[in-house]
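Biologist: I'm new to this one. Can you put it up so we can go through it together?
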Amino acid sequence: MTISIGNDHAGPEYKQAIIQHLENKGYTITNYGTDTTDSADYPDFVHPVAKDVNNGTVDFGILICGTANGVAMTANKYQNVRAGICWMGEITELTRQHNDANIICIPARYTSIPQAIKMVDIFLNTEFEGGRHKRRIDKIPLSC
């Protein structure tokens, strides 16, 4: 499985822990995030991840910032992206099952690194349920 990951200054420790965890499981990771806590503009790291997901060059994306709102707003501008903010396991599972999210957005200031890793595992191992949910997500993209 291939994954793109990006983060701003709120998430370099989270990103490194997640990358190490996923590489240990055999995943291929493309890292677009910053490695420092120096102030950085999150869209600079979101766009490459969202482009990879939008174009189907990776299976999933992971984005990390302080609240996850900015990264989610930016990623969801892309036609084929469904980026969901996740802060607990149940939300993460439902984001995949019901919304077929293809990018998980993690709020570093409101979760711990162990929580983030657990949510990533849930995200990557949860299948989309389809059915009535498919009908709904088909209505998300703009057709204009």
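Modeller: Cysteines to begin with. This is a predicted model. The sulfur of Cys105 has its closest cysteine sulfur in Cys86, at 7.5 Å.

Biologist: Is Cys105 buried or exposed?

Modeller: Cys105 is buried, with a relative accessible area of 0%. Cys86 is buried too, at 0%.

Biologist: Switching to helices. Where do the axes of H4 and H5 come, and at what angle do they cross?

Modeller: H4 covers residues 89-99 and H5 covers 113-125. Their axes come within 9 Å and cross at roughly 25°. Angles under 35 degrees count as roughly parallel, so that is what H4 and H5 are to each other. H4 passes H5 in a right-handed crossing.

Biologist: Which residues meet there?

Modeller: From H4, Gly89, Thr92, Glu93 and Arg96. From H5, Met119, Ile122 and Phe123. By class, that contact has three nonpolar, two polar and two charged residues.

Biologist: And which residues in H4 are buried?

Modeller: Thr92, Thr95, Arg96 and Gln97.

Biologist: What do the buried residues of H4 pack against?

Modeller: Three strands: S3 (60-65), S4 (83-85) and S5 (103-107). Helices H5 and H6 (132-137) are also partners of those buried residues.

Biologist: Which residue follows H4?

Modeller: Asp100. Its phi is positive, near 50°.

Terms used. Residues numbered from 1 in each chain as written. Predicted model: local features only at pLDDT ≥ 70, side-chain atom pairs only at ≥ 80, totals over all residues. Heavy atoms only, no water. Axes fitted to C-alpha atoms, helices over the stretch in contact; angles between N-to-C directions. Helix = DSSP H or I, 4+ residues; strand = E, 2+ residues; numbered from the N terminus. Parallel < 35°, antiparallel > 145°, perpendicular 65-115°, else oblique. Left-handed = near helix turned anticlockwise from the far one by under 90°. Contact = heavy atoms within 4.5 Å. Nonpolar A, V, L, I, M, F, W, Y, C, P; charged D, E, K, R; others polar. Buried < 20%, exposed > 50% of the residue type's maximum accessible area, 1.4 Å probe, protein only. Disulfide = S-S within 2.5 Å.
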